[in-house]
Amino acid sequence: MMRNLILSGFLLLCSVVLVAQNKYDFVVTADGSGDFKTVQEAINAVPDMRASRTRVLIKPGVYKEKLTLPATKTNVSFVGEDAAKTILTFDDFAQRKNRFGENIGTSGSSSFFIYGEGFTAENITFENSAGPVGQAVAVRIDGDKVSFFNCRFLGFQDTLYPHGEKSRQYYKNCYIEGTVDYIFGFSTVLFDNCTLFCKKAGYVTAASTPKESAYGFVFRNCKITGSAPESTFALGRPWRPYAKVVYLECEMDKVIAPAGWNNWGNAENEKTAFYAEYKSRGAGAKVAQRVSWSHQLAETEAKQYTTANILGDWNPEIR
């Protein structure tokens, strides 16, 4: 009897170890003890157009690489153990010169280009470490159905670039920091329970939502705080005329200016941009002083901003 119990326990332990080993397809370690020493090597090893998910465990370390996930690398997951200890970083910026003496530009400055559909990341920091030198993107995302859980995005101007016009993205329990337009782009994006950290002075968003898109950037139960002086940040300004940005039940610190929104120096944008809030709270939620062309949603209007309505047939929680 005892012998059978010991044998059963041993077999169970072996099974648990085997499952843990098989949980990830590749392991990246900075010291070279894993399958790969660099993240790009792991990306390159993923078979093209794979229907099944490829899971890549990235062990703690600072990985200074300019990364590209091609469109052929589909359904890839990056998993870290601790977002504060697993850092993917690079230091390009828009004014840096290429080999021909030309500026690499805002898009060219990105530390990580994500073109592959179905990419997910959790417990990872994505950083542009160039500092306050103008536009310097941490991540540019063009692929559809891209999600981030418990990740950090660090930078100054233009930190996070949801670029793809047909791209749907989801961020949950993430931390995003920056200065001017630090969340900007064309994509349809839902931010759930995220922290937005405002540095110096600037604008939280610069959406360029296509006219035909029903949703742009939607922030749900997020917290906006920062080290910036009081009333030095706007919730957004329209990079393109039909920018759409909505904050639902968000907590806003005193860094947010009472006017709330900016028209980017063009009164015509006030006729086309859709900027709205619902039940904002905190020292920066002075909704009675918001610009007249912004909106305070009624409860019935706010109820339209469901995950299914915003992201369509894609459930980002299934991964």
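**Figure 1. Proline 210 in a loop of the predicted model.** Proline 210 sits in the loop that connects β20 (205-207) with β21 (217-220). The structure shown here and in the other views is a predicted model. Proline 210 counts as buried because its relative accessibility is 9%, and the cut-off for buried is under 20%. Not counting residues up to four places away in sequence, proline 210 touches Glu165, Phe186 and Lys244. Leucine 235 is 25 residues from proline 210 along the chain, and 19 Å separate the C-alpha atoms of these two residues.

Figure 2. Alanine 121 in β8 stands opposite phenylalanine 78.

**Figure 3. Strand β17 between two partners.** Strand β17 (residues 188-192) is largely enclosed by the rest of the structure, because five of its five residues are buried. Thr188, Leu190 and Asp192 point one way from this strand, while Val189 and Phe191 point the other way. Strand β14 (residues 168-172) pairs with β17 in the parallel sense over five bridges. The pairing of β17 with β21 is also parallel, over four bridges. Aspartate 192 takes part in both pairings: aspartate 192 in β17 is the bridge partner of lysine 172, and arginine 220 in β21 is the bridge partner of aspartate 192.

**Figure 4. The largest nonpolar core and a second core.** The largest nonpolar core has 60 residues, of which Phe78, Phe148, Phe191 and Tyr247 touch the most other members. Helix α2 (residues 39-45) gives the largest share of this core, three residues. A second, separate core has 15 residues, including Val246, Leu248, Ile310 and Trp314. In soluble globular proteins, nonpolar side chains tend to be buried together.

**Figure 5. Two aromatic pairs.** Across the whole structure, a search finds 27 aromatic pairs. Phenylalanine 148 and phenylalanine 153 form an edge-to-face pair, with 5.1 Å centre to centre and 80 degrees between the planes. Phenylalanine 148 is buried at 0% relative accessibility, and phenylalanine 153 is buried with a relative accessible area of 0%. Phenylalanine 219 and tyrosine 247 form a stacked pair, with 4.7 Å centre to centre and 10 degrees between the planes. Phenylalanine 219 belongs to strand β21 and tyrosine 247 to strand β24 (residues 244-248), so this pair ties together parts that are 28 residues apart in sequence. Phenylalanine 219 and tyrosine 247 are both buried.

**Figure 6. The surroundings of tyrosine 247.** This view stays with tyrosine 247, one of the core residues that touch the most other members. Leaving out residues up to four places away in sequence, tyrosine 247 touches Leu196, Val204, Thr205, Phe219, Ile224, Leu235, Met252, Trp261, Ala276, Glu277 and Tyr278. Among them is Phe219, the partner of tyrosine 247 in the stacked pair.

**Figure 7. Glutamate 277, a buried residue with polar contacts.** Glutamate 277 is located in strand β26 (residues 274-278). It is buried, with a relative accessible area of 0%. The side chain of glutamate 277 makes a polar contact of 2.7 Å with the side chain of serine 280. Another polar contact, of 3.5 Å, joins the side chain of glutamate 277 to that of glutamine 296. Apart from its neighbours within four places in sequence, glutamate 277 is in contact with Leu235, Tyr247, Met252, Trp261, Val287, Arg290, His295, Gln296 and Leu297.

**Figure 8. Charged side chains over aromatic rings.** Lysine 64 lies over the face of phenylalanine 90, and the distance from the ring centre is 5.9 Å. Arginine 237 lies over the face of tyrosine 203, at 4.1 Å from the ring centre.

Conventions: Residues are numbered from 1 along each chain as its sequence is written. This is a predicted model: local features need pLDDT of at least 70, side-chain atom pairs count only at pLDDT 80 or more; totals for chains, interfaces and linings use all residues. Side-chain values use heavy atoms; hydrogens and water are left out. Helices (H or I, at least four residues) and strands (E, at least two) are DSSP runs, numbered from the N terminus. Buried means under 20% relative accessible area, exposed over 50%, partly exposed in between (1.4 Å probe, protein chains only). Contact means heavy atoms within 4.5 Å. Two strands pair if DSSP finds at least two bridges between them. A nonpolar core is a set of buried Ala, Val, Leu, Ile, Met, Phe, Trp, Tyr and Cys residues joined through side-chain atoms within 4.5 Å. Rings of Phe, Tyr and Trp (its six-membered ring) pair if their centres lie within 6.5 Å; planes under 30 degrees apart count as stacked, over 60 as edge-to-face and the rest as tilted. A charge sits over a ring if NZ of Lys or CZ of Arg is within 6 Å of the ring centre and within 35 degrees of the ring normal. A polar contact is a pair of N or O atoms within 3.5 Å; within protein, one must be able to donate a hydrogen and the other to accept it, and residues adjacent in sequence count only if both atoms are side-chain atoms.
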